[in-house]
Amino acid sequence: MDIRYDDKEDILFIRFRDETIVRNVSHGWNVNVGMTAKGVGQITILDANASDLLPIHIPAELATH
């Protein structure tokens with residue numbers, strides 16, 4: 001699993017599988033679920049912090065690679 005947050009764009013990426021996304025399903029205007037052949041592959045949340053969908057604060061020094 002890989003979790004990344006882009007604080008400049010306020011986008012949260014959660015990747016569960018390193019498989020090809022075969023279908024995208026939108027849940028509202030800001031949540032997109034990428035489906036693989038085996039299930040949920042990734043979730044992308046736009047305006048994650050502004051929408052209170054980012055429950056944790058990630059300090060900048062931990063968010064960078």
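User: Which side chain meets that of Asp-2 in a salt bridge?
Analyst: This is a predicted model in which local features need pLDDT of at least 70, side-chain atom pairs count only at pLDDT 80 or more, and totals for chains, interfaces and linings use all residues. Residues are numbered from 1 along each chain as its sequence is written, and side-chain values use heavy atoms, with hydrogens and water left out. A salt bridge requires a side-chain nitrogen of Lys or Arg within 4 Å of a carboxyl oxygen of Asp or Glu. At 2.6 Å, N to O, the side chain of Asp-2 meets that of Arg-4.

User: Which residue forms a salt bridge with Arg-15, and is Arg-15 buried or partly exposed?
Analyst: The side chain of Arg-15 meets that of Asp-18 at 3.6 Å, N to O. Asp-18 counts as exposed because its relative accessibility is 75%. Arg-15 has a relative accessible area of 25%. The two names asked for are thus Asp-18 for the partner and, for Arg-15, partly exposed.

User: How many residues apart are Lys-38 and Glu-19?
Analyst: The side chains of Lys-38 and Glu-19 form a salt bridge at 3.9 Å, N to O. This pair links distant parts of the chain, with Lys-38 in the loop between E4 and E5 and Glu-19 in the loop between E2 and E3, and the separation is 19 residues.

User: How many salt bridges does the count come to?
Analyst: Asp-2 with Arg-4 is one of the pairs, and Lys-38 with Glu-19 is another. By the rule stated above, the count comes to 3 salt bridges.

User: What pattern does the protein chain follow along the sequence?
Analyst: Helices (H or I, at least four residues) and strands (E, at least two) are DSSP runs numbered from the N terminus. The protein chain has 1 helix and 5 strands. Read along the sequence, these elements give the pattern β-β-β-β-β-α.

User: Which strands stand at the edges of the sheet?
Analyst: Two strands pair if DSSP finds at least two bridges between them. The 5 strands form an open, antiparallel sheet in the order E1-E2-E5-E4-E3. Each edge strand has a single partner, so one side of each is left without a neighbour in the sheet; the edge strands are E1 (2-6) and E3 (23-26).

User: Which residue is the bridge partner of Arg-4 in E2?
Analyst: E1 and E2 pair in the antiparallel sense over 5 bridges. They form a hairpin with 4 residues between them, and Asp-10 in the turn has a positive phi of about 55°. The bridge partner of Arg-4 in E2 is Phe-13.

User: Which residue in E5 stands opposite Gly-34?
Analyst: Strand E4 (residues 31-36) pairs with E5 in the antiparallel sense over 6 bridges. E4 and E5 form a hairpin with 2 residues between them. The residue in E5 opposite Gly-34 is Gln-42.

User: Which residues form the nonpolar patch on the surface?
Analyst: Patches consist of residues with over 30% relative accessible area and no salt bridge, where like charges are joined within 9 Å and nonpolar side chains (Val, Leu, Ile, Met, Phe, Trp, Tyr) within 5 Å. Val-40, in strand E5 (residues 39-46), is partly exposed at 32%. Areas come from the Shrake-Rupley method with a 1.4 Å probe; for residues, only the protein chains shown count as cover. With about 400 Å² of accessible area together, the patch is formed by Met-1, Ile-3, Phe-16 and Val-40.

User: What percentage of the 65 residues in the protein chain is buried?
Analyst: The accessible surface of the protein chain comes to about 4,800 Å², of which 54% belongs to carbon and sulfur atoms. Among the 65 residues, the buried share is 26%.

Technical notes: Buried means under 20% relative accessible area, exposed over 50%, partly exposed in between (1.4 Å probe, protein chains only).
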